[in-house]
Structure formats: structure tokens, C-alpha cells
Amino acid sequence: MADKPWPHDAIEEVFYMEEAEWDMSSIVSNFAHLIRHQRIDRIVALDDIDLEKAAILREHFRIPGIGQTTARYFRDRLAMRMKAAEAGINVPPFCALFTDKVVHHYTQTVSPPWILKPRTESSAGTKKIHSIDELWTILNGLGDMRHNYLLEQFKPGDTYYVDTLAAGGKIVFDWYNRNLNNPVEDTYKGTLFRSVTVPFQSKAEKSLKRLNNQIIKAFGIRNSAIHSEIVQAKEDEQFYFLETSARVGGAHIVEMIEAASGINLWQEWANIEIVSARNLDYTLPEVKNMYSGLLLSLSHYEHSDTTAFTDSEIIWKINDPHHIGFVLQSPVRDRVLELLELYTDRIFKDYHDNAIV
């Protein structure tokens, strides 16, 4: 990561570690070396994989912030489901895979299809399972590693992303987007990522707000960005908690939310950490209420020519190799949806490459 385009003008010091030393014991030792010469008031984990490391450092060096127990709720999918269920939050029926009898009972009482999910790794290892025989074949293949997975009933429906800023344990900003694709179900347009702002003051937004308040209260987080995923099941139109994380949303959701609200989640998260360390109150900047949409796709081309996309609603274009994508902004949600559909067809025809990983 040393050669990545870091904003070095905003970074006072960089401390590099060899990849071979990237274990917790070495991280603690190197951190101890750093704080001999400079006091450190806060540690911020910028993504999921660093959440546990940051929690261990805070615990060991007695630095305020998320400790190891709370970190589990934002990293371990089994822990977060158990915590949500204990708080009375709707979750799809799930099962730990520790004990054969428990798994057998689950398969007899909860109808398939089921989703097998890794507890702490990325969702790349997720599998959709349709029968008991298929499940046991997969579990036997996992062998002694099956304890690192959980089983959950698949709930077809609309997926929503909830992005929150918490300061002092209270929600100071929340924003709601709907994922227009479900990659588990959709083999065509599901291979492109598309999202749009949930209609303001709608029944869906109000329901999501209530559920988000439950999540933030139950999980005990105080100062952080939080990104959660929620599904509205087709079968009963109920909202179900899927998972959460103590970070901003990925896949350029930050740019999408800033286009609609004027709030940059990275910047405001940094401000929350700073005022917390200084024992000051946090004040959120003025929020605007526009609608935005996001479309991302892999591309055949290393550098995609997007000059033909000229609509004024486009306010951001992705610049990553072998990608094409846009953030759209409009005061009218239907206009955002119209352009997302138009661009999806054009990109799928002329740019899209599902073979690139």
C-alpha cells in the first residue's frame, strides 16, 4: 500500500511495516515504539479488516474507542445477528454451525433456500443452498473450518444501505439508499452495481429510520461512521437486519451520499473523532435534500471513454482502471432512475466485462 496515492499533504507521518510482520504481536510492539515519542489520542480503523486490530490496540494502551467486545458486533456476522436478535430486531432465521444436532434441527424447522456466509471475511465466500444434501456436502467439505461460517435463511427482497454518523452515542446523520440489484438473484443487471436515494418521508424511509435507531442503540457504538445492510422481504414486506460495520460504505457510496446531502462521511467522521478527543460538541454541517444515484461496472477497457455521457445530472465519474461508473444528482428521483436505466443498458452493451475480477 506504500505506493498508493495517499493525500500526503494531509498526513504528518507514515510508519511502514513489512508484510511479513503484519501480525498482532508486531503491531503492538511497533505501536509501543511510536507512542514513546508522541502521544496518540485516537485510533481509527478505516475498514473492516483493521477493526479488530484497532480494538486490541485501544484495549492494550487504554485509548478511548471501540473495544474488543463491541468490535465483535461490527465484524463477526454471527455475533451481530445474536446481538440484534437479543435486542428484538428483526433478523432472518440463522444458525451457528458448531453442533450437528443444532444444524439438523435448523434444517428441519427453517425452509430453504439458505445462505452460507463467512463470519468475518468478505462476502465473497457466500453460497446459496437449496437442499439439506447440498448443505451437508458443503459443510463436510469445510471440515474443521465450518465454525467460521453461519447459515441464514435467504430472504428475497429489496436491499437497502443505511449510512450513519454517531457522535456521543447519538445519531447525528443518517442516509438511506436502495440497492437496485440483488446479485444473488439477478444474473444480468445484478452484475452492475446500482443504487438510488430512498424517497424522503416515505414509508420505507420511516421504517428504516426506526430500525437504524434500534441498531445503533443495541450495538453500543459512540463515535463512528456506521454502514448497515437491511432487506425488505417480498414474502411479508418486513424489514430484516442483515449486517453492519463501523465504517463508511464502500463502492463509492460516499460520493453518492455527498451528491445528495452535501455531507462527506469521511470528513465528518474525522471531525467527530477530533471533537471527541478535545471533549467538544460535534455540529453537523447543513444537510441538503437532493436525490442521487450510483452506477458502477467492470469494463473491457483499461480507461473507459465516457465523453458520450453528457447529461448535466452526472457530477462524478470513476477513474479506476477497467471500471466505468457515475454518480448522478437531481431534485427529481424519477429522473435519476430514468438515467440509471438508460446508462445500464448502454454500459452493459458497450463496456461491461463480467470476466474481470
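The chain's mean pLDDT is 93, and 96% of its residues reach 70 or more. This is a predicted model: local features need pLDDT of at least 70, side-chain atom pairs count only at pLDDT 80 or more, and totals for chains, interfaces and linings use all residues. Residues are numbered from 1 along each chain as its sequence is written, and side-chain values use heavy atoms, with hydrogens and water left out.

Now the rings. Rings of Phe, Tyr and Trp (its six-membered ring) pair if their centres lie within 6.5 Å; planes under 30 degrees apart count as stacked, over 60 as edge-to-face and the rest as tilted. The count comes to 16 aromatic pairs. Take Tyr160 and Phe239: their centres are 5.7 Å apart and their planes at 55°, so this pair is tilted. Tyr160 lies in strand E5 (residues 157-167) and Phe239 in strand E9 (residues 239-245), so the pair ties together parts 79 residues apart in sequence. Strands (E, at least two residues) are DSSP runs, numbered from the N terminus. Both Tyr160 and Phe239 are buried, that is, under 20% relative accessible area with a 1.4 Å probe, protein chains only.

Tyr161 and Phe193 form another tilted pair, 6.0 Å centre to centre with 45° between the planes. Tyr161 lies in strand E5 and Phe193 in strand E7 (residues 193-197), so this pair ties together parts 32 residues apart in sequence. Both Tyr161 and Phe193 are buried.

Elsewhere, Tyr301, Phe309, Phe326, Tyr343 and Tyr351 form one aromatic cluster. Arg346 lies over the face of Phe309, at 4.0 Å from the ring centre. The rule for Arg is CZ within 6 Å of the ring centre and within 35 degrees of the ring normal.

Terms used
pLDDT is the predictor's confidence in each residue, from 0 to 100. Helices (H or I, at least four residues) and strands (E, at least two) are DSSP runs, numbered from the N terminus. Buried means under 20% relative accessible area, exposed over 50%, partly exposed in between (1.4 Å probe, protein chains only).
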